[in-house]
There are 2 protein chains.
Amino acid sequence: MNTTKAPQHQFAQNMKTVARLAGVSHATVSRVINGTGLVLPATAERVRKAIEQLGFIPNPSGTTLRYGRSKVFGLILPDLTNPFYPEFLLNFERALVATEHEVMLATTQVSSPELARSVRRMLMRRVDGVVLMASEFDTRSIEPLLSHRVPIVTIDRRITQKGAADVAIDFETGYLQAAIHLKKLGHRRIGFIGGSEGLVTSKVRLKAFQTALEDVGLNYDEKLTRMGDYRVTGGRSAMQSLLALRKRPTAVMTVNDLTAFGALRALHDAKISVPDEISIVGCDGSLLGEVFPPGLTSIAVSFEEMSRKCLGALHSVKANIESKGPLLVVPSTLVIRGSTGPA
Amino acid sequence: MNTTKAPQHQFAQNMKTVARLAGVSHATVSRVINGTGLVLPATAERVRKAIEQLGFIPNPSGTTLRYGRSKVFGLILPDLTNPFYPEFLLNFERALVATEHEVMLATTQVSSPELARSVRRMLMRRVDGVVLMASEFDTRSIEPLLSHRVPIVTIDRRITQKGAADVAIDFETGYLQAAIHLKKLGHRRIGFIGGSEGLVTSKVRLKAFQTALEDVGLNYDEKLTRMGDYRVTGGRSAMQSLLALRKRPTAVMTVNDLTAFGALRALHDAKISVPDEISIVGCDGSLLGEVFPPGLTSIAVSFEEMSRKCLGALHSVKANIESKGPLLVVPSTLVIRGSTGPA
DNA sequence: ATGAAAGCGCTAACAA
DNA sequence: TTGTTAGCGCTTTCAT
């Protein structure tokens, strides 16, 4: 005999209720909903009618509990104030929702102990995979994901390992396009504002810039390079430093849009006209670049394609969790706006 | 006898495992983890040690299944490309994570049928409440939330109902501070770029602007008012329209930062110097306003306080689901940056 | 093609 | 103060 009372739930319907109304078993209801297994068309129709009639809303926690699957993917972002990330999130969420999945978000400085806590949260919620938007992090933090066989995708880390794939951004073509564009405009002294000292992505982008210059027959001049921090402040002070040079660059490429925004701000404050006196190139292709005066020429990646590749990578890691994940590449293209002009 | 095989889970530990190691029952483990009920300190210590030793990670789907609680709050945002929303999301997430909760995100144009689908997703996941960042929407879309007794908080709708609270933003003080600030700078002809025609929030902010002008003894001039769309494009063309006037305003307030960005862009393109020739005031206090040349003076709301109020409202609705939710107010304050100067 | 049964991990009611 | 027990909804295996 049942001694405990049923708890007060708001949800009176379950598959059994539906089954009863349709005159079938709840297993059949499950088969209809999941489109799996053989069900007579007439039966399926009856079930669908019952679902409709009852306004039945399935409860995925049953499945999560029983089978450890959640249809939730974790997404770890370092910084929601950098427009790059919300724009990616938007596309990622859209791609997930289209397949009945959900995003579980964690905003975490990846170099902090917070990363380990975010990972734990995701493990608790039994996520089916994690996209870690970072190239540099303490590998011990993701160890728990690996040991629980949760597929991982990192971004632009350019390394893969057992259970983890990587989606790299092909900055090389983007910076090359930018170099061609600037050279055509007559620029010869092209500077660069990089990311944070020592980071892999930072080095990759600087290298891409250097190679691009060489490829169009221009010299790379170390004196025209400054390091930033991927943020506005870094771009701003780097630009100020470049402006202090006796022989200034006539164009400056940057490591990301936020850095370029900082540079544009420094130029505005110094009353130097863009693009008349100097040209600026960003990297990200974020929407705000369209507005930021005078419109930022930028090396853009397709967020939509990136989301798709991340999800694809996640699936292929899951399918083969015992081997190294794939290393996918997303192309980049130059978007020309108002911040670049004749030298 | 058990005929089905245990499914392949990555998680070998549950409360029973912990209980066994600690020499107690799994109910006691639950009590220790939740800090509820009486447990002898020594017993609790043994349990904690066992949890530690096993690296036990609790599985909330058990609770969700049994009791319909998820420790997840839904957040419905209209637009992640408006920096206001990611900045709010950041704070909201932080506040939730601090109490072991999660955000479930939906990015949805609230006037579309997508809203109903987002609501359904949240119902499926058994969210404990929903923050709907919208003042205008088809009420039928949230009907399912109400009927399932899911607490709702709307933003700046300025209406509450059974099961739903509202967090309104007190724009009145913010616009008043802005009016005082501009008057002190010598401005007499102050224009306004509003939101979308017909929306409540749009009307509220326009009204706040009008009242503010009156309060400082200035005349409201309808000819200096334009409607926008809360986005960059609207602000841009509205500003262009204002610039076409024979007698231009010397300062313009806007309905939000994105609109102000658009206005600043239009002014840049028209080679009109800000704040030398015209002053601009935004509304949101988003971080990007700091950078956007020449730095946007803006009416800011504290995202942190807003998150806190939303969560508080959600709790008080839940505690009293049968009555009208509270109507809370978040203050706004003027943040002075470079876009305002002497007339 | 359909049904029966089992069990995932949890918390709360009750018993001891 | 601690243990026992029940059952939330689901999918899958096995039987029919």
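1. The crossing of H8(B) and H9(B) is right-handed (the near helix is turned clockwise from the far one by less than a right angle). This is a predicted model, in which local features need pLDDT of at least 70, side-chain atom pairs count only at pLDDT 80 or more, and totals for chains, interfaces and linings use all residues. Residues are numbered from 1 along each chain as its sequence is written, and chains are lettered from A and ligands numbered from 1 in the order in which they are written.

2. In chain B, helix H8 covers residues 171-184 and helix H9 residues 200-215; their axes lie 8 Å apart at an angle of about 45°.

3. The contact residues divide into ten nonpolar, one polar and three charged.

4. A second pair in chain B is H5 (residues 84-97) and H12 (residues 303-319), with axes that come within 9 Å and cross at roughly 55°. That makes H5(B) oblique to H12(B). The crossing of this pair, H5(B) and H12(B), is right-handed.

5. From H5(B), B:Glu87, B:Phe88, B:Asn91, B:Phe92 and B:Ala95 take part, meeting H12(B) residues including B:Phe303, B:Met306, B:Arg308 and B:Leu311. Here the division is seven nonpolar, two polar and three charged.

Key. Axes fitted to C-alpha atoms, helices over the stretch in contact; angles between N-to-C directions. Helix = DSSP H or I, 4+ residues; strand = E, 2+ residues; numbered from the N terminus. Nonpolar A, V, L, I, M, F, W, Y, C, P; charged D, E, K, R; others polar. Parallel < 35°, antiparallel > 145°, perpendicular 65-115°, else oblique. Contact = placed C-beta atoms within 7 Å.
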